[in-house]
Amino acid sequence: MAGWRRWITASAVDAFVGGGNRHSAERTERTGKNGVHTWFLGAATMRLNQNTLLLGKKVVLVPYTSEHVPRYHEWMKSEELQRLTASEPLSLEQEYAMQRSWREDADKCTFIVLDAEKWQAQPGTTEESCMVGDVNLFLTDLEDPTLGEIEVMIAEPSFRGKGLGTEAVLMMLSYGVTRLDLTKFEAKIGQGNEPSIRMFQKLHFEQVAVSSVFQEVTLRLTISESEHEWLLEQTSHVEEKPYRDGSAEPC
């Protein structure tokens, strides 16, 4: 999720799908020194989710707050996650700074992914204890604010391969269409990650480009009228609720 990390999708375990890398040369070029975004500062709609909770069947999506940083920081100490995300570990202070960036930058929209079963079964538990990953959208084309790049990470190994990433992506796509006025989505996936490529293809994404430099493929989904109807059907169960910062207690 961190601003300029290019997530490299994990292999069969379905750990990562799409987008960013903290130290990607491409992302640094887009964002400037230290990955600070300067584009789309007028696109305040990308921050609409700061008071929004999305409740699905398998996952709950909540805004990324400072409460979530310690768990996220622990995830990123994993050499496996560092390798799969082409990332280097940050200090806890740097991770807090990254969280503030994602909450404040107008060209990003991110949710922390919670396990819905635990969240609903144990009212009052902390969100940190329910965290399993994150899902993000960010604008990458200065001339096309209707295009969003999507990425998702299921960081907890025991929750991979169970459809949580798929539902999180569907919920984020729907949110992007209905709340952020996006009509096109891209996902960048490692060339060897056939399971994740197939997952996106099942979600109607089509391959449009291959990068030999980054060893990744780009898949795209354009939201036509029929795709819009299909997406709304897939997410008809999702409830949008006011977010109560710091509490995982069901609203």
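## Helix H9

In this predicted model, helix H9 spans residues 225-234. Its residues Glu227, Trp230 and Leu231 are buried (under 20% relative accessible area, 1.4 Å probe, protein chains only; exposed is over 50%, and partly exposed lies in between). These three sit on the same side of H9, because they cover an arc of only 100° around the axis. The arc is taken from the directions that run from the helix axis to the C-beta atoms. Glu225, Ser226 and Glu233 are exposed on the other side.

What covers the buried residues of H9? The cover includes helix H7 (164-180), helix H8 (194-202) and strand E9 (216-222). Helices (H or I, at least four residues) and strands (E, at least two) are DSSP runs, numbered from the N terminus.

Serine 174 lies in helix H7. Its relative accessible area is 11%, so serine 174 is buried. It touches Leu231, Leu232 and Thr235, leaving aside residues up to four places away in sequence. Contact means heavy atoms within 4.5 Å.

Serine 158 is in the loop between strand E6 (147-154) and H7. Is serine 158 buried or partly exposed? It is partly exposed, because its relative accessible area is 47%. Valine 132 is 26 residues away along the chain, and the two C-alpha atoms are separated by 9.1 Å.

## Nonpolar cores

The largest nonpolar core holds 38 residues. Such a core is a set of buried Ala, Val, Leu, Ile, Met, Phe, Trp, Tyr and Cys residues, joined through side-chain atoms within 4.5 Å. Leu61, Ile150, Phe200 and Phe205 touch the most other members. H7 gives the most to this core, with 10 residues. A second, separate core has 23 residues, among them Val60, Tyr64, Met98 and Met153.

Phenylalanine 205 touches Ile150, Leu173, Phe185, Glu186, Ala187, Phe200, Leu219, Arg220 and Leu221, again without residues up to four places away in sequence.

## The whole protein

The protein has nine helices and 10 strands. Of its 251 residues, 55% count as buried. Take the contacts between residues at least 6 apart in sequence: 70% of them join residues at least 24 apart.

The accessible surface comes to about 10700 Å². Carbon and sulfur atoms account for 49% of that surface. Areas come from the Shrake-Rupley method with a 1.4 Å probe; for residues, only the protein chains shown count as cover.

## Basis of the values

Residues are numbered from 1 along each chain as its sequence is written, and side-chain values use heavy atoms, without hydrogens and water. Local features need pLDDT of at least 70, side-chain atom pairs count only at pLDDT 80 or more, and totals for chains, interfaces and linings use all residues.
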